[in-house]
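Walk me through this structure.

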Amino acid sequence: MKNPREILFERHRSVEPRLDGVRQNVLASVATASGRESPRNPSSPGVQSSLRDLFLPLRWHLAGLSLAWLVVLLLSMEPSPTEERSLAKQNASPPRQLLTALLENRRQIAELLGSRANTSEAAPEPPAFVPKRRGEIQSTNSMA
């Protein structure tokens, strides 16, 4: 018994020479069409199309990465250290002045805390709430 493949080959065996003729005509027309065109730079179209095929699908990814690198560069830009040193020298105050400012600050804080202590003596604070231990709490639910 013949399988389906053999049956199909027998039916279409008569058409095979015509298909070969069509195939040869198409190949000949393609060869003449490519022969007519005289490329100025034979390596350029192949390289250009391969580069286009490489970078075209990646264009959004490359744009995003480029933007990320620009942000990194902008954030990493700092003023030069010489500018910072000159600003620090301009704002530097002598140690005696810093010490007197610190002592004045402490005096003001002590004055404020002292005034709060005087007002708290007039009205004593209520005792702090201390919760009972769990064992001392009476259960409102009674089991019968």
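**Salt bridges, fold and a nonpolar patch**

Start with Glu 10. Its relative accessible area is 43%, so Glu 10 is partly exposed. The residue has a partner: the side chains of Glu 10 and Lys 2 meet in a salt bridge, with 2.6 Å from N to O. Lys 2 has a relative accessible area of 45%, so Lys 2 is partly exposed as well. Side chains of opposite charge can pair when their charged atoms come close.

Now step back to the whole. The model is predicted. The protein has 6 helices and 0 strands. Read from the N terminus, the elements run α-α-α-α-α-α. How much of the protein is made up of buried residues? The share is 0% of the 144 residues. To count as buried, a residue needs under 20% relative accessible area. The protein exposes about 14,600 Å². Carbon and sulfur atoms supply 62% of that area.

Return to the charged pairs. The structure holds 4 salt bridges, and the one between Lys 2 and Glu 10 has been described. Another joins Asp 20 to Arg 23, with the closest N and O atoms 2.6 Å apart. Where do these two residues sit relative to each other in helix H2? Helix H2 covers residues 16–36; Asp 20 and Arg 23 are 3 residues apart in it, so about one helical turn separates them. Asp 20 is partly exposed because its relative accessibility is 30%. Arg 23 is partly exposed too, at a relative accessible area of 49%.

Move on to helix H6, residues 95–122. Arg 107 and Glu 111 both lie there, 4 residues apart, about one turn of the helix. Their side chains meet in a salt bridge at 3.1 Å, N to O. Arg 107 has 42% relative accessibility, so Arg 107 counts as partly exposed. The pairing extends to a further residue: salt bridges with shared partners join Glu 104, Arg 107 and Glu 111 into one network.

Finish on the nonpolar surface. Which residues form the nonpolar patch there? They are Val 47, Leu 51, Leu 54, Phe 55, Leu 58, Leu 62, Leu 65, Trp 69 and Val 72. Together they have about 850 Å² of accessible area. Two elements give two or more residues to the patch: helix H3 (44–55) and helix H4 (59–76). Take Val 47 as one of the members. Val 47 lies in helix H3. With 45% relative accessibility, Val 47 counts as partly exposed. Patch residues need over 30% relative accessible area, so the value for Val 47 passes that cut-off.

How values were computed:
Residues numbered from 1 in each chain as written. Predicted model: local features only at pLDDT ≥ 70, side-chain atom pairs only at ≥ 80, totals over all residues. Heavy atoms only, no water. Patch = residues over 30% accessible without salt bridge, like charges linked within 9 Å, V, L, I, M, F, W, Y side chains within 5 Å. Areas by Shrake-Rupley, 256 points an atom, 1.4 Å probe, with all protein chains shown as cover. Buried < 20%, exposed > 50% of the residue type's maximum accessible area, 1.4 Å probe, protein only.
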